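Here is a brief report on a single model. Please look at the sequence and structure first.

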Amino acid sequence: MSVSAQSLKQADANRTPDTSKPLLEVRNLEVEYWTRRGVVRAVDGVSFDIRPNEVFGLAGESGCGKSTIAHAVTRVLKPPAYITGGEVLFNNENILAMNDETLRGFRWEHLSIVFQSAMNSLNPVLTVGEQIIDVLQTHRQMNKKQARERARELLNVVGIDPNRIDSYPHQLSGGMRQRVVISIALALNPEMIVMDEPTTALDVVVQKQIIEEIQELKQKFGFSILFITHDLSLLVEFSDRIGIMYAGELIEVAPSRELFSAPKHPYTQRLMSSFPTIYGPRQELHGIAGSPPDLISPPSGCRFNPRCDVAIAGLCQQVHPELLQVGPLHRAACHLLNEEAADYARNTQ
Ligand code: SF4
């Protein structure tokens with residue numbers, strides 16, 4: 001993958017990484033799906049920050065709410081999903097309060113999106129060049145020739161021969177299509193890219209190549225990433241910090257290596273022992289017994305309590321655990337991490 005010197009210079013000039021102030025602040029986000037069966041609160045009071053140039057990963061089992069967060073942050077949720085509470089601040093501006101016109105100007109320019117299936121993201125009846133040019137001409141004052149030249153440059157940036165500019169999506173491999181989607185996400189040099197399972201549909205070799213390319217591009221252009229995946233081993237490798245979701249709630253957040261070596265929440269511990277790692281001795285893998293709860297009527301107290309083998313009887317079923325600070329950058333929501341609750345457990349068991 002090559003990156004033009006001019007693009008890099010421009011990107012460097014545009015970026016002054018500020019490590020002290022978050023770029024994105026998600027505050028008490030709530031999203032509901034209004035279904036015939038009832039209201040499903042898929043995201044319940046989730047808060048996290050992402051700093052400039054940071055990769056923040058969100059992981060958890062299917063249906064835990066991680067992709068719903070990606071869609072909510074980028075305001076692409078459609079009914080029956082509704083954002084019913086919270087704020088999403090981007091450089092102090094609430095994305096959820098933007099009107100349609102402001103949002104159109106904001107999206108792609110500052111925050112862009114890469115979704116799982118490139119085939120669904122790309123228009124099958126337009127060439128890839130036309131689709132990149134469309135984004136450029138909508139947001140930049142460029143004539144057709146300038147936009148086409150920039151589109152060729154962007155294809156080159158993501159490792160596609162610029163001469164494929166007139167190809168239709170079906171004429172490209174799955175990996176190439178996903179690279180095209182990434183080139184569109186990069187087109188306006190945004191500060192942040194939300195990536196929702198961007199490599200899930202690809203084979204492992206192409207997946208590895210694309211992840212390495214994303215890392216290289218991030219290094220050069222300095223954008224932040226909200227990376228959503230169910231693949232925890234990939235996330236540990238790729239992210240600076242990781243948030244673990246369970247049943248619509250964020251239950252643990254920590255720097256990725258810390259989460260990998262010393263997870264605090266019982267669910268994260270079980271999750272970590274359920275996938276193979278490339279580090280350390282070979283270990284037997286363990287699944288997590290049971291399945292995630294139906295969010296129409298989630299369990300009271302800790303939502304993990306029906307599956308938790310260390311639950312504190314009489315407490316975990318009734319009292320909802322708050323996210324506690326358990327390290328300088330580490331928070332987890334479990335009663336066992338609260339000294340008073342742990343004393344209660346010792347005295348009653
Ligand atoms: Fe298990 Fe209780 Fe901790 Fe929930 S709060 S993870 S049920 S010990």
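The notes below cover the model's basis, the ligand, the cysteines and one glycine.

## Basis

This is a predicted model: local features need pLDDT of at least 70, side-chain atom pairs count only at pLDDT 80 or more, and totals for chains, interfaces and linings use all residues. Residues are numbered from 1 along each chain as its sequence is written, and side-chain values use heavy atoms, without hydrogens or water.

## Ligand site

The ligand is surrounded by 13 residues (one heavy atom within 4 Å of the molecule). The closest are Cys302, Cys308, Cys316, Cys334 and His335. Ten residues of the shell are nonpolar, three are polar and none is charged. Here Ala, Val, Leu, Ile, Met, Phe, Trp, Tyr, Cys and Pro count as nonpolar, Asp, Glu, Lys and Arg as charged, and the others, Gly among them, as polar.

## Cysteines

Zero disulfides turn up in a search of the whole structure. The criterion is a pair of cysteine sulfur atoms within 2.5 Å.

Cys302 is buried at 13% relative accessible area. Cys308 is buried too, at 17%. Buried means under 20%, exposed over 50%, and partly exposed in between, using a 1.4 Å probe and protein chains only.

## Glycine 38

Gly38 lies in strand E2, residues 38-50 (strands are DSSP runs of E, at least two residues, numbered from the N terminus). Gly38 is partly exposed, with 22% relative accessibility.

Beyond its neighbours within four places in sequence, Gly38 contacts Tyr33 and Ile296 (heavy atoms within 4.5 Å). Ser297 is 259 residues from Gly38 along the chain, yet their C-alpha atoms are separated by 9.3 Å.

Conventions. Helix = DSSP H or I, 4+ residues; strand = E, 2+ residues; numbered from the N terminus.
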